[in-house]
Amino acid sequence: MIGTATVYGLCASGLVAIGLYGLVLHPTPLRKVIAFNLLGSGTFVLFGVAARRGGAAGFLADPVPQAMVITGIVVAFASTALAVALLLRLQETGASSIETTPPEQQDNGAS
Amino acid sequence: MMPAGYATSEGGALLVIAVMLPIVGMIAIFALGLRRAERIAFIILPGGLLIALAIAAEVARTGAAVTYVLGGWQPPLGIALQADGLSATLMVLTALILCAVGLFARGTFSTPPDMSEARRPMVFWTLMLGLWSALNTVFLGQDLFNLFVALEFLTFSAVPLVCLDGRRETVQAALRYLLFALIGSVFYLLGAALLYGAYGTLDMAGLRLQAHYNPATSVALGLMIVGLMAKAALFPLHLWLPPAHAGAPAAASAVLSALVVKAPFFLILRLWFDVAPQPGNQLAAQMLAWLGIFSIVFCSIIALRQVRLKLMIAYSTVAQIGYLFLVFPLVMASDAPSAWQSIGWTGGVLQLVSHALAKASMFLAAGLIAEALGHDRIDNLNGAVTAVPISVAAFGLAGLSLMGLPPSGGFVAKLMLLTAATETANWWIVAAILVGGILAASYVFRVLGRAMAAPKIGFKTLAHIPLHRELAVLGLAISAVVLGFVPLQPFAFLGIGRVGLP
Amino acid sequence: MILVDIFTMAAVGAGMFFFLAGTVGLLRFPDTLSRLHALTKADNLGFGFIVLGLLPQSPDVLSGLKLVVVWLLVQLAAATAGQLIAQFVGLERRRDPAA
Amino acid sequence: MTLLPDLALVLLILTAAVWTVAVRDRRDAVIGFIVVGLLLSLAWVRLNAVDVALTEAAIGGGATGLLLLRACARLVPRPAESVLPHPAMRILTVLLCSAIAAGLAAIVLMPVEPPATLAPEAAASMGELGLGNPITVVLLAYRALDTLLEKVVLVLALIGVWTLTPDQFWGGAPASLRAQQSSGALTLLAQVLPPVGVVIGVYLIWNGADHPGGTFQGGTVLAAMWLLVMMADLREPPEIRLHSLRLLVILGPVVFLVAGFAGFWIANGFLSYPPAFAKPIIVIVEAALALSIAVILGMLVAGPAARAPR
């Protein structure tokens with residue numbers, strides 16, 4: 001018997017796969033960041049599924065994983081903000097992709 | 001099912017202070033900023049060192065783990081912090097290295113007199129303190145979600161340090177580092193979600209009692225370990241590390257290479273020995289060791305081919321981290337009564353500690369050499385020994401540890417790993433340790449040979465290096481050497497507070 | 001009680017019809033401005049009907065008041081968004097009259 | 001039959017997610033992502049997680065969406081946006097992703113019986129604190145350390161973003177958020193909405209003690225109001241050297257820390273609250289945190305300083 005939680009569990013698996021695909025294959029950082037957020041959302045839904053299944057003692061769902069998800073969403077936002085700031089700064093300094101020459105050939109001057 | 005309860009022990013409050021003190025300092029700098037950054041940091045640094053030493057002393061005195069249950073809420077609902085012998089050791093190590101790095105950085109990240117606040121000092125010192133608190137949380141945390149927050153805390157402190165100078169290459173390196181770290185975190189969190197769904201707890205002690213082999217547990221642990229591998233830069237997930245560690249200012253590189261990459265390894269160690277159902281999976285252990293072997297051999301060869309000193313040291317970090325992953329099959333095959341009484345375990349921990357000291361010293365020495373010569377091209381290092389003799393000496397002493405030559409902590413660590421590998425007939429690991437040592441010797445002597453060579457005509461030193469900075473570097477290198485005088489046997493201290501498992 | 005429920009069903013049903021019509025318009029109309037027109041009209045009416053239908057179901061005056069506030073806020077936001085999109089379209093047309 | 005709406009929603013979410021990853025234009029991808037976020041908040045309601053639904057709508061869809069849209073606007077357009085790598089690499093990635101998805105799906109399809117949960121433990125201790133919303137209790141009592149550290153992470157993220165300021169601009173203000181074309185409608189909205197929005201934000205924070213809502217949701221609404229005012233050009237982003245700004249950023253963590261350390265004297269240790277005063281302490285901490293969150297979110301969206309200090 002498939003319940004509501006299971007349906008969303010499958011949704012979470014799908015989101016993880018889609019997000020990971022984008023994260024690995026997209027060459028530009030902005031698209032990678034978007035894909036990372038999809039991947040993160042899938043992970044959070046997985047916590048939500050555990051929470052929904054764990055409803056007991058008068059609670060419709062287990063509050064502990066739900067609270068974890070709230071913390072996780074905020075951290076994911078902070079990561080996105082930092083990544084966006086980095087990629088905008090990268091554009092200002094002249095590069096537009098994180099795929100450039102291998103590090104061995106880069107000119108890392110004295111600090 | 002409630003696991004054996006945690007109880008706040010006598011010195012438990014020390015753990016809270018170890019985590020919170022750097023945060024207080026960080027907040028104070030952020031709010032008061034304005035020229036006081038360095039002064040505040042130099043109040044926090046010795047304070048934190050004292051706390052770490054006190055915790056280690058408390059663990060040694062009581063012979064048991066020091067515990068603090070936050071808010072009195074019993075795990076798994078609440079969160080507990082716990083210091084056992086291993087975490088206390090790593091906390092002292094962290095405090096020592098941060099103090100040395102602080103001494104090294106003193107004066108270089110101070111605010112110019114004509115400014116009310118400058119970017120680099122303010123950012124450097126706040127992030128350093130943030131990093132410290134994050135590392136302490138990683139070493140003390142007992143709850144997998146709490147540890148996720150700690151890992152993110154660590155990432156957010158470490159990434160901006162990489163691009164402190166704002167050059168294109170370093171911003172690029174920081175972005176790549178951030179993306180790898182985020183993938184690692186998400187994989188870790190995925191595993192945590194699966195474990196919660198299966199057992200309704202993320203407390204390590206609770207999981208240890210309940211966990212058994214089933215698809216959920218295997219997939220969860222697999223995802224978590226892969227995620228942590230990306231953060232620890234194990235081959236083939238190491239590509240982010242060299243540009244990031246080479247691009248950061250020397251003081252930051254030292255901390256990143258010595259400590260930050262050790263945190264995810266520490267968590268892999270804990271997942272493997274404290275959470276996963278025992279005995280561990282043979283195949284997985286062999287795979288981790290093989291990735292370690294690849295790290296050692298490939299990245300040592302790449303290090304040998306580097307033109308820049310800092311990139312060479314960064315590749316050497318990836319290689320040296322490879323040694324840590326040899327521990328898993330060695331411990332599993334050992335016939336010691338518990339994992340932490342095996343020679344492989346002790347060797348692994350000692351490798352972690354001695355590499356941290358040696359690598360911190362090496363990066364700082366490279367920083368001073370670069371400051372004095374104005375560049376860090378290895379082929380052009382002639383005369384470094386006349387400009388910064390103490391730093392070159394420190395580089396050489398630290399090099400002993402990387403090569404595994406006596407007397408040094410690295411020698412003892414590698415000898416222990418070698419002994420464990422021969423005892424358990426893991427011949428590939430024996431070969432990797434020997435080859436790794438030869439390769440490390442080649443790249444260290446290549447640098448030393450150049451640095452000791454007579455200066456070229458027209459050679460002049462660009463900057464005068466204050467003595468206290470060179471002494472901080474030498475201090476770290478000597479500590480790495482002194483570790484070479486420890487007895488060649490498992491240490492009881494590292495086993496304190498570890499629950500007895502076969 | 002029955003009468004109230006029938007009223008709710010009728011009103012919410014009407015609201016859903018307008019939403020459906022708006023969505024069809026959004027998908028089928030040829031250019032941005034007429035799509036926008038279809039969407040905002042349907043939004044206003046559809047959402048208004050749904051709030052109207054739900055009002056008699058609210059347990060106390062405060063909840064009813066919240067519903068009305070939600071309706072007002074959505075109106076305000078939708079109107080502004082519609083304005084901004086229309087302005088953007090105008091800007092594009094001036095830049096490229098062929099579009 | 002009862003699963004039909006859920007199945008439809010899941011299908012919509014996955015379609016929007018595929019579109020987000022596959023579409024060529026990056027602005028379309030951002031819009032796709034916002035759509036996923038909004039649909040996900042519906043999914044959270046279906047998972048009986050109203051608190052998470054509010055957070056997802058406010059931060060996941062709203063704030064992240066705004067951040068990404070702003071990034072799109074500032075990035076130079078690139079013709080070859082989605083040049084896909086070698087087919088072999090793509091096939092390999094598809095296989096890897098499918099394997100992970102299949103593994104997760106298989107685990108989801110084999111739930112443990114009885115379900116693993118901490119709900120009974122969470123319920124048992126709720127009475128001691130006098131709060132009605134279990135999520136707030138978990139966030140501010142049982143797992144207060146996580147929440148405290150996460151606030152510090154937000155401060156660090158802000159420092160990280162500020163690190164990217166060019167040296168000559170340190171201390172100055174971030175780039176203006178105003179649109180290229182001023183719009184009367186936007187200005188009107190920015191004048192009318194904030195008073196209402198601030199009330200709603202405060203309501204969410206206050207109400208969060210006993211009902212869905214709380215610090216993050218309320219704080220994000222406050223941040224949204226501030227950002228709206230900045231976008232309508234009624235206010236410029238503040239200079240990052242401002243003392244008052246710095247103090248607002250750390251207000252939440254400081255109040256939380258003080259409450260935590262006070263526990264050593266007035267209760268049983270760090271981050272523990274005396275039962276009689278638990279609720280007022282938690283509400284004060286939440287209020288301070290929400291204010292800091294609002295300021296930090298706003299400044300994170302505004303980005304590093306881009307003008308020299310005046």
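Let me begin with chain B, where a compact globule of 502 residues would have a radius of gyration near 23 Å, and the 22 Å of chain B agrees with that; the radius is taken over C-alpha atoms, and the globule rule is 2.2 Å times the number of residues to the power 0.38. This is a predicted model, in which local features need pLDDT of at least 70 and side-chain atom pairs count only at pLDDT 80 or more, while totals for chains, interfaces and linings use all residues. Residues are numbered from 1 along each chain as its sequence is written, chains are lettered from A in the order in which they are written, and side-chain values use heavy atoms, with hydrogens and water left out.

The C-alpha atoms of chain B fill a box of roughly 75 × 55 × 40 Å along the principal axes.

Turning to chain D and chain A, the contact (heavy atoms within 4.5 Å) takes 87 residues from chain D and 70 residues from chain A. The buried area, meaning the accessible area (1.4 Å probe) lost on putting the two together and summed over both, is about 6900 Å², and carbon and sulfur atoms give 80% of it. Val21(D), Leu47(D) and Leu164(D) supply 10% of the area that chain D buries here, more than any other three residues.
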